[in-house]
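Reader: Can you walk me through this model? Keep it quick.

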Amino acid sequence: MEFLDRLNAAMAYIEEHLCGTIDIDALARITLCTPDGLRRLFRHVASMPLSEYIRRRRLTCAALELRTPGTKVIDIALKYGYQSTDAFCRAFKKQHGIAPAATRSSGAALTLFLPASFHIFVKGATDMEYKLVNTNAIPLQVFAEVQAASPEERFLQAEALWTSDAVCEATDKAGFGTWYGIWDGRRYVIARREEGGGTPQMTIPAGQYAVFTSAGEAYAGDIMPQMRAQARSALNLQGRRPRAGLEIEVYRLSPYCERQNRAFSLWLTLELYPPKG
């Protein structure tokens with residue numbers, strides 16, 4: 001595992017130097033590779049050039065900082081290595097699909113690119129859309145729930161619920177369907193939207209949520225921990241944090257309980273950091 005540790009140390013070095021110079025020779029020394037060998041290795045395991053990965057990470061951080069009131073496009077462009085606003089705007093629009101100034105709109109969607117971390121396979125290095133969403137209350141019917149004393153027990157029981165015959169059969173009947181996994185304190189609930197005017201058993205409160213959505217097909221169990229970490233990092237750059245007590249996972253499942261989820265999102269309620277005294 002020593003080599004994987006060195007690769008992860010190299011990724012940490014990149015994160016620490018996104019606003020400055022990333023020295024390929026320093027990365028090579030960390031990984032005990034030659035610079036060319038490191039470039040070839042990264043392209044092989046991450047399916048992209050190392051330079052492209054760094055560019056996407058910088059544009060992700062830049063987009064999040066632009067949502068902070070009072071920030072200027074030129075200042076953020078210079079901070080992340082662009083010598084002109086024109087070059088920055090072109091690169092920014094290519095990744096996010098909008099101009100930098102448009103990020104200040106509450107409904108603007110951003111394409112966030114998660115940091116890579118190396119395990120037996122590579123995790124992260126994945127696009128993730130982020131936007132603020134205002135929603136009315138969503139009535140739900142509870143399908144199953146677990147309560148456990150520790151997070152580890154809750155995750156194990158939640159995984160068992162998602163792969164249970166009951167969930168599989170319900171998904172098969174409806175075809176593709178939207179399901180909700182709701183963490184509420186020590187309680188984890190699997191639910192679906194109430195249809196037909198019945199009495200809801202629980203409700204997702206109306207309000208504004210930070211919504212992070214996977215891009216492309218992936219199994220949620222593989223990448224959801226990275227989504228949570230990246231979501232918290234993204235919010236921290238804006239002086240926000242998830243409000244404790246409620247976290248919502250939204251899954252669009254395929255029939256026959258395939259482990260490939262076609263899409264999944266993480267919804268977080270927000271609060272501002274308390275002012276510094």
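This is a predicted model: local features need pLDDT of at least 70, side-chain atom pairs count only at pLDDT 80 or more; totals for chains, interfaces and linings use all residues.

Reader: How many helices and strands in the chain?

Author: The chain has nine helices and 11 strands.

Reader: And what share of the residues is buried?

Author: Of the 277 residues in the chain, 44% are buried.

Reader: What about contacts between residues at least 6 apart in sequence? How many join residues at least 24 apart?

Author: In that set, 66% join residues at least 24 apart.

Reader: On to the inside. How many residues are in the largest nonpolar core?

Author: That core has 49 residues. Those with the most contacts inside it are Ile14, Leu27, Leu50, Tyr53, Phe88, Tyr130 and Phe212. Helix 4, residues 50-66, gives the most to this core, with nine residues.

Reader: Pick Phe88. What is it in contact with, leaving aside neighbours within four places in sequence?

Author: Phe88 is in contact with Leu59, Ala62 and Leu66, and also with Val73, Ile76, Ala77, Tyr82 and Pro100. Another core lies apart from the largest one. That other core has 13 residues, among them Ile138, Ala191, Tyr209 and Ile248.

Reader: Now helix 1. What span does it reach?

Author: Helix 1 covers residues 2-16, which is 15 residues. From first C-alpha to last, helix 1 reaches 21 Å, close to the 21 Å expected at 1.5 Å a residue.

Reader: Which residues in helix 1 are buried?

Author: Leu4, Leu7, Ala10, Met11, Tyr13 and Ile14 are buried there.

Reader: And what covers the buried residues of helix 1?

Author: The cover includes helix 2 (24-31), helix 3 (35-46), helix 4 and strand 2 (117-118).

Reader: Switching to cysteines. How many disulfides?

Author: The structure holds zero disulfides.

Reader: Is Cys61 buried or exposed? And where does Cys89 stand on accessibility?

Author: Cys61 counts as buried, at 11% relative accessibility. Cys89 counts as partly exposed, at 28%.

Reader: Charges next. How many salt bridges?

Author: The count comes to five salt bridges. One of them joins the side chains of Glu15 and Arg57, at 2.6 Å from N to O. This pair links distant parts of the chain: Glu15 is in helix 1 and Arg57 in helix 4, 42 residues apart.

Reader: Which side of that pair is buried?

Author: Arg57 is buried, because its relative accessibility is 3%, under the 20% cut-off. Glu15 is partly exposed, at 29%.

Reader: What does Asp36 form a salt bridge with?

Author: Asp36 pairs with Arg39, and their closest N and O atoms are 3.0 Å apart. Both residues lie in helix 3, three residues apart, about one turn of the helix. Asp36 is partly exposed at 46% relative accessibility. Arg39 is partly exposed too, with a relative accessible area of 40%.

Reader: And Glu52, which side chain does it meet in a salt bridge?

Author: Glu52 meets Arg56, at 2.9 Å from N to O. Both are in helix 4, four residues apart, about one turn of the helix. Arg56 is partly exposed, with a relative accessible area of 22%. Salt bridges that share partners join Glu52, Arg55 and Arg56 into one network.

Reader: Where is Glu65? Is it buried or exposed?

Author: Glu65 lies in helix 4. At 12% relative accessibility, Glu65 counts as buried. A polar contact of 2.8 Å joins its side chain to that of Lys79.

Reader: Last one. Where does Gly181 lie?

Author: Gly181 lies in strand 6, residues 177-184. Gly181 is buried, with a relative accessible area of 0%. The C-alpha atoms of Gly181 and Glu145 are separated by 9.3 Å, and the two residues are 36 apart along the chain.

Technical notes
Residues are numbered from 1 along each chain as its sequence is written. Side-chain values use heavy atoms; hydrogens and water are left out. Helices (H or I, at least four residues) and strands (E, at least two) are DSSP runs, numbered from the N terminus. Buried means under 20% relative accessible area, exposed over 50%, partly exposed in between (1.4 Å probe, protein chains only). A nonpolar core is a set of buried Ala, Val, Leu, Ile, Met, Phe, Trp, Tyr and Cys residues joined through side-chain atoms within 4.5 Å. Contact means heavy atoms within 4.5 Å. A disulfide is a pair of cysteine sulfur atoms within 2.5 Å. A polar contact is a pair of N or O atoms within 3.5 Å; within protein, one must be able to donate a hydrogen and the other to accept it, and residues adjacent in sequence count only if both atoms are side-chain atoms. The expected span of a helix is 1.5 Å times one less than its number of residues. A salt bridge is a side-chain nitrogen of Lys or Arg within 4 Å of a carboxyl oxygen of Asp or Glu.
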